[in-house]
Amino acid sequence: MDIKTLYREIVNEHNLHPTHKHDLEHPTMVLNGVNPSCGDDINLQLSVKDGVIEDAAFNGSGCAVSQASADMMCDDIIGKTEDEALALAEAFMGMIRGTATQEQKESLDEAASLEDVAHMPARVKCASLGWRTMKEMVEKLQKDGVTQGRVTANNSEVCGACQRMDCEKK
Amino acid sequence: MNEFRKDFPILQGTDTIYFDNAATTQRPACVMEAMTQFNNTCNANPLRGLYTWSIQATDAYEQARHEAALLIHAQKDCEVIFTRNTTESLNLVAYSYGLSHVKAGQEIVLSVMEHHSNILPWQMVARQTGAKLVYLEPDAEGTLTKEEIETKITDRAAIVAIGHVSNVLGVTNPVQEICEVAHRHGAVCVVDGAQSTPHIPVDVQKIGCDFFAFSGHKLLGPMGVGVLYGKLELLEEMPPFLTGGEMIEYVTRESATFAEVPEKFEAGTVNASGAVGLAAAIRYLNGVGFDTVQKTEQALTKRLMEGLATIPEVTVYGSENPEKHCGIVTFNIEGCHPHDVASVLDTEHICIRAGHHCAQPLMQFLGVNATARASLYFYNTEEEVDRFVAAVGKVRGWLGY
């Protein structure tokens, strides 16, 4: 799909009128995900009960691709188990790397529309920010054996070079 | 039509508008031809061989050094050291001069508008020596005032490192004045000429700088060759940066004595064909003439800035005077992230840069996360500027507003 068409038909709507861009009242976990190089910055919030993601939302700012991708991801993962969410994240990352199966792509539903833009090297980080952050959160919840309640996430270090969290130190 | 476009193969038979010249410039055919000529007639390892091809390769390499020295008005050819690029040139100064001269408690003075390549090497020196970094800050127009320069550069300064032209604001800094102040306080002055050398005549003796760095690829030349100019007396007493082949005089099992400047700083087999390409680029640029370069760029910048001024949602950063932009126009469109702007402009076959332009401290100073940047060169045209302005006017629509 032509990038302009992609924006018109999918990205703009999720960017300008997102469904899940708000704060959750009682999130189980909140994690700040940042792309220091472009200033994409989201606070992803998950509400988890007995291994099921009951609700997901985000706040923050960034390019249309990062915001729209986070919104579509929330659509995808709400109601899914943690393992299903991780499988979706793997499918999305696989799609970007060009290794995803047709089945994996279909599992991503609307998020699969980002395939073309995600192939652009400079946009990979924008498209994957939400997914990367979600993966980190779910893995932490599983590692710590949290099934519900509130977890404070402080596992993102502040990068000495850029003073931002989650920077892949170059 | 622009008379120089025909010299650039990449600009033929395409409607692509290349407005990312501050990142790298396009190469005229003569540059590629000069490199091919080198490879097809005298490719051999320079400086060492005792046979004809190697001698010819050495001559070609040294001739390139001579032409680079002439371009920036270095007093002697040996004051020109070939590196990979500006970043490597600045690292050479930091590792060699910086680490051996800067002492704890001293200061390294930079400006907040430096490219990361003129910040990170000095952060390293400061960390290792216990020196302190001091940042000059520009006024709203992007100008470093005399007062700012006089107050921040003191007797504590060991090094003053300053960009000649900002890669974001396009403003030309008063490097001559800054060098004078630095010298008055006993500091050496390093000038990052990556963005100035392709656009304005450079005279390192007139500037009075101790070191000056630039890249070949931003000046019509190939990637992978850059220059560090240094005053001979400083280069002579500096330790080598990298060690190994080509840069030695005599080696025993335990120690070595080093070759003379500039070979002392050119360890390993050099990029001779790259240097030959750079020399061809310099000749081509001299043929165009800096008068023409500047006149063309200024006219195009004026047209571009006037065009953008008609779009209410566009903010342009830096001076309102197009002549102070060196062909660089950094902007934002309200509500649109620069990455989205660049992505949709790409579908119109327009190449611009978006992001932090390797100048995050400046972005923080300007209070923006990222910006879009159009940067022009003498081969760009009014038609391209008009198409660009028209496209920018449509970006908000494309992004759903």
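These legends go with close-up views of a predicted model.

**View 1. The two domains of chain B.** Let's start inside chain B, which splits into domain 1 (5-19 + 289-398) and domain 2 (30-286). Domain 1 of chain B is written as two stretches, with domain 2 of chain B numbered between them.

**View 2. Where the domains of chain B meet.** Here 32 residues from domain 1 of chain B are in contact with 29 residues from domain 2 of chain B. Together the two domains of chain B bury about 2600 Å², and carbon and sulfur atoms account for 63% of that.

View 3. Three elements of chain B, α10 (290-309), β12 (328-333) and α12 (360-366), each put at least two residues on the side of domain 1 that touches domain 2. The top contributor to this side is α12(B), with six residues. By residue type, the domain 1 side in chain B comes out as 18 nonpolar, nine polar and five charged.

**View 4. Chain A against chain B.** Now for the contact between the chains, which draws 21 residues from chain A and 16 residues from chain B. Chain A and chain B bury about 1500 Å² between them, with 51% of it on carbon and sulfur atoms. Keep an eye on Lys4(A), Leu16(A) and Cys38(A): this trio supplies 35% of the area that chain A buries against chain B, more than any other three residues.

**View 5. Salt bridges and polar contacts between the chains.** Chain A and chain B share two salt bridges. One of them pairs Asp340(B) with Arg123(A), and their closest N and O atoms are 2.8 Å apart. The rule also picks out eight residue pairs in polar contact across the interface of chain A and chain B, again with both residues at pLDDT 80 or more.

View 6. Two helices of chain A, α1 (3-16) and α2 (64-77), each bring at least two residues to the side that touches chain B. Of the elements here, α1(A) gives the most, with five residues. Sorted by type, the chain A residues on this side are 12 nonpolar, four polar and five charged.

Terms used. Residues numbered from 1 in each chain as written. Chains lettered and ligands numbered in written order. Predicted model: local features only at pLDDT ≥ 70, side-chain atom pairs only at ≥ 80, totals over all residues. Heavy atoms only, no water. Domains from an automatic or database assignment. Contact = heavy atoms within 4.5 Å. Buried area = accessible area lost by both parts, 1.4 Å probe. Helix = DSSP H or I, 4+ residues; strand = E, 2+ residues; numbered from the N terminus. Nonpolar A, V, L, I, M, F, W, Y, C, P; charged D, E, K, R; others polar. Salt bridge = Lys/Arg side-chain N within 4 Å of Asp/Glu carboxyl O. Polar contact = N/O pair within 3.5 Å; in protein donor to acceptor, adjacent residues only side chain to side chain.
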